Amino acid sequence: MTMGHRLRLGAGSAALRVQRWRAERRYDRRAPDPGSPLNPPLRSTIRMREMMSRHYLAGRSVSGSRPVAWVTSGAPTEILKALGYHLVYPENHAALCGARRRAEALSSAAEDAGYSRDLCSYARTDLGSLLSGDTPVGSLPPPDLLLCCTNICQTVLYWYRVLADHFGCPLVLVDTPFLYGDAAEPHQVDFVRRQLEDMVPAAEAAAGREFSLDGFTAVVARAKQASDLWLEILERARHRPSPLTAFDSFVNLGPIVDLRGDQATVAFYESLLAELDERIARGVGAVKDERLRVLWDNLPIWYRIGPLSRWLAERGVNVVASTYTHAWGELAEMMDPAEPFEAMARVYLHPILNRSTGHKLAAMRRMVEEFSIDGVILHSDRSCKPYSLGQIDQRDRLVADVGVPALLLEADHNDPRSYAEEQATTRLEAFVEMMS
Amino acid sequence: MTAIAGIGIDAGSTTCKAVAVDPSGAVVATALEQALPRIADQTAAMLDGLRSAHDVAPGARCVATGYGRRLVECADRRVTEITCHARGVFDDLGRAGTLVDIGGQDSKVIRIGPDGRPADFVMNDKCAAGTGRFLEYTAGRLGLDVADLGGRVAAPGSEEQITSTCTVFAESEIISLLARGAEVDAILKGLHRSLTVRLVAMVRTVGWEPPLMMSGGVARNAGVRAMIGEALDTEVIVPEHPQLTGAHGAALLALEG
């Protein structure tokens, strides 16, 4: 890193800190909003925004000083963290573009280059950003290494091949066999463990650094701590009224996905948990008049998070839990720093998307019980086929066997062109009337 | 003359309906018009018409439903078509059952619980093929009036297979069949069958329970009624005024406050 880079990073970092202080001061001095159906958002979110902005800022001047890897959201990044890699998550970047209403233009740029509109909108958003150079984060550092894990979908395999071709850098693929049964068979764990061990030399070569088992163990320990905390945070929504909504969890998901394994992430989730406990102690719910509690299945609709959260809150509905946010907490118990390769092979085999539709149904049934759920919204996500597959049957079983109202809501996590406001509102209104 | 105690307005995509009921829920007056672009003005005029022709009890309330419900300015409450149709049909049936409502631009199937409230529902998504528009559009292509379709389909005769359930693609199929010399009535039967297949799949989705009722404009089509009944091996019950079910339900909900 040059002196100029260092200075710019220092100045940017200081500016972000001042920005956070100002936001926190505004938050502490804010006047109550009696017209809002929601209580004030979580104060910790201000700190999360600073963390994520700092991460993207660091990425702007990281090239040359630290190795850079672009990774999928379900990738075994602890190995790369141990080697000092700066990690870029194209999916998180795409979601950020979605939340800032930039995804449509970026998707169009990818479509203009010949990518099908049927391709995942994360992939289109990100490829569009790559081709046009347009991004709300300034710039993304080019990768020295690409790490793709197939435990979330098969699209990533083709997406990362395009990235490898574009950047001319090595691509490491971790292939996770789909789990049809209750848990991974020993040979499947062995298959993934060997791939994790095999990726070390490739990651070392691209980084020009030597791997340390102690370093890896320490990262796994911190990843486990953060994942444990994340699960605890989500479980706080069992309280009535719930101190948080799933929309809060969607927004605060960034660090557990992108910065898992960092000490700062552990500290951040400790403070978020403390804030929730303080809310519970005061009896403050995220929704002022929480009358109905809903479970959300699948990714959020990033470009509608705010309006949808408010619309539901106006009707006394709190979406208290989601299968999506649980995915980053429920595997914490499998993380074992004493046997890091074996344990992480298990962890990366067991995400909800790499397991059967029956497993997801069982998970939803459990959550309906644990979170005292009055209704389930299954977001049928045009872009995420693996998540949406089986939802029709899952919905029917929830209605028939569990006796809970369930709604299939057609949308797309990042492409607003696949979302029909009037159709969605009509269904949601009828669903709320049905639950009331 | 009995005074109006509740009014339901159903501002649908194709037609605009109003039903007024007395305190016992009996229908006092009804109105049905083709939907105009200015929904607020049209519904206000319809209400004025009802009020000038009948006595209105003090404290009478109005519930609006249908796509245009948010534009009905005088409404005390706005409720979705799902809840209103369930309420309207429950009043007719007096017990739980399943309702197939095929409107101009959407179709819905509602399983009605023992309390008269919707227990589950499903609506067609982003496609006109399961709706009244499908028949209107294809009837237009064959040069027929939509009101005549049902009678022609109910008559015995051969049937062509229409493989597609997409409105636009169905038109291509009609053109191909006509070019091959197929009979118009046989094509019509195939079109009705393809609509029915789609609806029956929706009916099965909600775990339907008899009796099966139909409402909405398409319920007047004898061909669709017969085919649905045949596919589900059940009798299809249609209220006297199937297009007014939603407005009737809204009027009954208005009585409840």
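This is a predicted model: local features need pLDDT of at least 70, side-chain atom pairs count only at pLDDT 80 or more; totals for chains, interfaces and linings use all residues.
Close-up 1. Arg346(A) is partly exposed at 33% relative accessibility, and Glu342(A) is partly exposed at 25%. Elsewhere in chain A, salt bridges with shared partners link Arg20(A), Glu24(A), Asp28(A), Arg43(A), Glu50(A) and Arg54(A) into one network.

**Close-up 2. His350(A) in its loop.** Look for His350(A) in the loop between α15 (340-349) and α16 (357-370) of chain A. This histidine is buried, with a relative accessible area of 4%. Leaving aside residues up to four places away in sequence, His350(A) touches Leu179(A), Ala183(A), Ala184(A), Leu331(A), Met334(A) and Arg355(A).

**Close-up 3. Two salt bridges between separate parts of chain A.** Here Arg102(A) and Asp134(A) join their side chains in a salt bridge of 2.8 Å, N to O. Arg102(A) belongs to the loop between α4 (90-99) and α5 (103-112), and Asp134(A) to the loop between α6 (121-132) and β3 (145-149), so the pair ties together parts 32 residues apart in sequence. The other pair is Arg238(A) with Glu370(A), whose closest N and O atoms are 3.4 Å apart. Arg238(A) is partly exposed at 38% relative accessibility, and Glu370(A) is partly exposed at 28%.

**Close-up 4. The two faces of helix α18 of chain A.** Within α18 (residues 391-402), Gln391(A), Gln394(A), Arg395(A), Leu398(A) and Val399(A) are buried. These residues share one side of α18(A) because they cover an arc of only 130° around the axis. Turned away from that buried side are the exposed residues Ile392(A), Asp393(A) and Ala400(A). Just after the helix comes Gly403(A), with a positive phi of about 75°.

**Close-up 5. Where chain B meets chain A.** The contact draws 21 residues from chain B and 20 residues from chain A, and about 1800 Å² is buried between the two chains, 45% of it from carbon and sulfur atoms. Four salt bridges are counted between the chains; Arg70(B) and Glu422(A) meet in a salt bridge of 2.9 Å, N to O. On the chain B side, α2 (81-93) and β8 (118-123) each supply at least two residues, with β8(B) giving the most, five residues. That side has eight nonpolar, four polar and nine charged residues.

Terms used
Residues are numbered from 1 along each chain as its sequence is written. Chains are lettered from A and ligands numbered from 1 in the order in which they are written. Side-chain values use heavy atoms; hydrogens and water are left out. Contact means heavy atoms within 4.5 Å. Buried area is the accessible area (1.4 Å probe) that two parts lose on being put together, summed over both. Helices (H or I, at least four residues) and strands (E, at least two) are DSSP runs, numbered from the N terminus. Ala, Val, Leu, Ile, Met, Phe, Trp, Tyr, Cys and Pro count as nonpolar, Asp, Glu, Lys and Arg as charged, and the others, Gly among them, as polar. Buried means under 20% relative accessible area, exposed over 50%, partly exposed in between (1.4 Å probe, protein chains only). The arc is that of the directions from the helix axis to the C-beta atoms.
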